[in-house]
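Please have the sequence and the model open side by side, and follow the paragraphs below from one part of the chain to the next.

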Amino acid sequence: MKTLRIGKLKLKNPLVLAPMVDVTDLPYRLLCRRAGAGLAFTEMVYIDAALHENAKTKNMMKTCREDSPLGLQITGDRIEEFERFVSREELWKDYDLIDLNCGCPSLRVARKSGAGSFLMNEPEKIGHVIRILKKTGKPVTVKVRLGFDKNNVLEVARIVELAGADALTVHARLATGGGRVRADWDWFSKIKEVVKIPVIGNGDIVDGASTKEVLKICDGAMIARAAIGDPLIFSRVRDYLETGKEGEVDFKKNLELFKEYISLQREYFGDGVDLSKVKYVGGRFLKKMKGAVRMREEFHKLKRLKDVEEFVESFK
Ligand SMILES: Cc1cc2nc3c(=O)[nH]c(=O)nc-3n(C[C@H](O)[C@H](O)[C@H](O)COP(=O)(O)O)c2cc1C
């Protein structure tokens, strides 16, 4: 299997768990790592929320020794906030790298605050932010789309490299294109022609075959939606890359992981657990289990973490 290096980091494999708000918290990352993911990212954190250290953001930034290598993903639009962030070492010292989100399409993030994918409209600002983040001495990566509403990914890729970033992740869609449009992987090779830093491909990678296809061009493959409720996708993909054979979805193991997920939520967040998040991710675990329609209906009615714990304990 290919190895992926990002600055001074050498990853055990090129399989990357994508940053996903409401999914990739510490418990979920641990499950995906145990299944074989070589790198993971936090959920996207607003830089102003990180600076104010509110309780929700602190939970999003929570990590532990086993949770490595880990990228802290941040976004924002005010240069002065990035400077303040860098000056506060306690905010970034626990992470292996810092990732700048230039891909979030949410209207609130992009249009109102000028952060996320809106940064694609301001390539020079992306370069400026990278140069600031590099002052931490950590590897810096950037996650982009093909553009905001028009494709300018080659221009952005050049600027990202010139500013000193250590890798570039490309979600191969425009921000305004909507999730249903197929990711356009042709752009991966065009990007590889203009930059030398590692390129991590993202968008519509769902199994061993699609991962292999992307890794023919890119240095890493990032999986998002296909990993929700199915952390074992990483072990199946790894097996496929090593042997050419991909196992079936293992419902029994998935059930064990679902239980493990709930118990990790209790361990790390206790009574501060975000139940709507647990129910979203839990519902996805159940969705990927055969014949679980009724179980899912019951599950969504639960009101407390304790009810969720009893629910998973009753599984046979
Ligand atoms: C529930 C959800 C939350 C997401 N949150 C983030 C995020 O916090 N940061 C980010 O860069 N992308 C985020 N994304 C986008 C994914 O990281 C990824 O780029 C996108 O889903 C395409 O990959 P896929 O086709 O493998 O799903 C999110 C996607 C989903 C489905």
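Gln-73 stands opposite Asp-99 in strand β7, where β6 and β7 (residues 97-102) pair in the parallel sense over 4 bridges; two strands are said to pair if DSSP finds at least two bridges between them. Helices (H or I, at least four residues) and strands (E, at least two) are DSSP runs, numbered from the N terminus. This is a predicted model, in which local features need pLDDT of at least 70 and side-chain atom pairs count only at pLDDT 80 or more, while totals for chains, interfaces and linings use all residues. Residues are numbered from 1 along each chain as its sequence is written.

Strand β6 (residues 70-75) also has other partners. Strand β4 (residues 39-41) runs parallel to β6 and is joined to it by 2 bridges, with Phe-41 standing opposite Gly-71. Strand β5 (residues 45-46) likewise pairs with β6 in the parallel sense, over 2 bridges, and here Tyr-46 stands opposite Thr-75. In the loop between α3 (55-60) and β6 lies Pro-69, which is joined to Ser-68 by a cis peptide bond with omega about 0°.

Asp-22, in the loop between β3 (15-17) and α1, has a phi near 70°, a positive value in a residue other than glycine; Asp-22 counts as partly exposed because it has 15 C-beta neighbours inside 10 Å. Glu-53 lies in the loop between α2 (47-52) and α3 and has a positive phi near 50°, again in a residue other than glycine; with 12 C-beta neighbours inside 10 Å, Glu-53 therefore counts as exposed.

Consider next helix α7 (residues 153-162), whose buried residues are Val-153, Val-156, Ala-157, Ile-159 and Val-160. Seen down the axis of α7, these residues fall within an arc of 165°, so they line one face of the helix, the arc being that of the directions from the helix axis to the C-beta atoms. An α-helix has 3.6 residues a turn, so residues three or four places apart point the same way. The buried residues of α7 pack against α6 (123-133), β8 (140-147), β9 (167-174) and α8 (186-194). Just after α7, Gly-164 takes a positive phi of about 105°.

At the level of the whole chain, an automatic or database domain assignment gives the bounds of domain 1 (4-243) and domain 2 (251-313). Their centres, taken over C-alpha atoms, are separated by 27 Å. In domain 1, 14 residues are in contact with 17 residues of domain 2, contact meaning that the C-beta atoms of two residues, placed from the backbone, lie within 7 Å. Helix α1 (residues 26-34) supplies 5 residues, the largest share of the side of domain 1 that touches domain 2.

Notes: A residue is buried if 20 or more other C-beta atoms lie within 10 Å of its own, exposed if 12 or fewer, and partly exposed in between; C-beta atoms are placed from the backbone.
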